[in-house]
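Keep the 3D view open as you read.

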Amino acid sequence: MTPLQHYLALSVALFCIGAWGVLARRNIIVVVMCLELMLNAVNVALVAFSNYSQVIPGRGEVFVFFVLGVAAAEVAVGLSIGIAMYRLRERLKVDELDEMKG
Amino acid sequence: MNEFSSAAFYPVAVMVLAAAVLVVSFKNLIYSALAMIACFAGVAALFVLLHAELLASAQILLYVGAISILILFAIMLTRNRGGEVKLFFHQQAWMAIPVVAIVGLILIIVIGSAHYNAADTAQNPGTKDLASMLFNQYAFPFELVSLVLLVAIVGAILLAKKEKIK
């Protein structure tokens, strides 16, 4: 059986790649995609913990269902913000949104 | 199943990580989205290896099916005109690498130093037990998620709708 730590290491690596994308890319759609990668990394960790849990196996899986629902909502809102932003100025760069800079 | 799952973990893990790196590094948005689909499919395979078959099918339906199509639609609706050329290797991208490396190092240290009471035989319950858990013990949060989705759909339509010209 694969040790739990290997699943957690994979989860950390996936999370870090997603965070790198969120910080490094400037296109808002790519940022949303990288956020999804980070959420998937957390899901992998939750399912792995749930699978190896001695107390109540399956509780992590229930939690992942809620994460899936919130992730779907987040993608819908994020992409519609991107589309509204494109309609306003025909650009999608995140760092051009600086009107509210103090 | 156990021997197979421990042998299959490493190729799937390499596939997931390679696809994730490609998502970040492709300049073409369509390629990025396709790599993201591969990554999500790999995560679904990981769920199967972890005995979470229901979640694997939900992952394929939701991520590989719905969210990818949504993202592809958004890419097509927002076709960039001459942008996206020097989007990647700007100053901020290089600053992001040490930040992410530090976060990853901290997480790896935490994982390595923690003590686990991991069971050798325990595994995720089947669909029947999961469903009874979801609809008895966690029924209220489950319904709350549907409310969140409803609000998100209404908000998304409101945001993306064309303004009326008066």
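The report below starts with the aromatic rings and then turns to the core and the domains.

**Aromatic rings**

Please keep in mind that this is a predicted model. Across all chains, a search of the whole structure turns up six aromatic pairs. One of them joins Phe9(B) and Tyr10(B): their ring centres are 5.0 Å apart and their planes stand at 80 degrees, so this pair is edge-to-face. Phe9(B) is buried, at 2% relative accessible area, whereas Tyr10(B) is partly exposed at 39%.

A second pair to look up is Phe40(B) with Tyr63(B). Here the ring centres lie 4.6 Å apart with the planes at 55 degrees, so the pair is tilted. Phe40(B) sits in helix α2 (residues 29–49) of chain B and Tyr63(B) in helix α3 (residues 53–77) of chain B, so the pair ties together parts that are 23 residues apart in sequence.

| Residue | Relative accessible area | Class |
|---|---|---|
| Phe9(B) | 2% | buried |
| Tyr10(B) | 39% | partly exposed |
| Phe40(B) | 0% | buried |
| Tyr63(B) | 0% | buried |

Rings from both chains also come together: Tyr7(A), Tyr52(A), Phe9(B) and Tyr10(B) make up one aromatic cluster.

**A buried glutamine**

Helix α3 of chain B also carries Gln59(B), which is buried at 0% relative accessibility. Setting aside neighbours within four places in sequence, Gln59(B) is in contact with residues including Asn40(A) and Leu68(A) from chain A, and Phe40(B), Val43(B) and Phe47(B) from chain B.

In soluble globular proteins, nonpolar side chains tend to be buried together. In this model the largest nonpolar core has 71 residues, and those with the most contacts inside it are Tyr7(A), Ile29(A), Leu46(B), Phe47(B), Leu55(B) and Ile71(B). Elements that give two or more residues to this core include α1 (4–24), α2 (28–52) and α3 (59–89) of chain A, as well as α4 (91–113) and α5 (127–137) of chain B. The most come from α2(A), with 14 residues. Domain 1 (1–80) and domain 2 (126–166) of chain B both contribute residues, so the core lies between them. The centres of these two domains, taken over C-alpha atoms, are 22 Å apart.

Leaving aside neighbours within four places in sequence, Ile71(B) is in contact with Ile29(A), Met33(A) and Leu79(A) from chain A, and with Ala33(B) and Met36(B) from chain B.

Methods. Residues are numbered from 1 along each chain as its sequence is written. Chains are lettered from A and ligands numbered from 1 in the order in which they are written. This is a predicted model: local features need pLDDT of at least 70, side-chain atom pairs count only at pLDDT 80 or more; totals for chains, interfaces and linings use all residues. Side-chain values use heavy atoms; hydrogens and water are left out. Rings of Phe, Tyr and Trp (its six-membered ring) pair if their centres lie within 6.5 Å; planes under 30 degrees apart count as stacked, over 60 as edge-to-face and the rest as tilted. Buried means under 20% relative accessible area, exposed over 50%, partly exposed in between (1.4 Å probe, protein chains only). Helices (H or I, at least four residues) and strands (E, at least two) are DSSP runs, numbered from the N terminus. Contact means heavy atoms within 4.5 Å. Domain bounds come from an automatic or database domain assignment. A nonpolar core is a set of buried Ala, Val, Leu, Ile, Met, Phe, Trp, Tyr and Cys residues joined through side-chain atoms within 4.5 Å.
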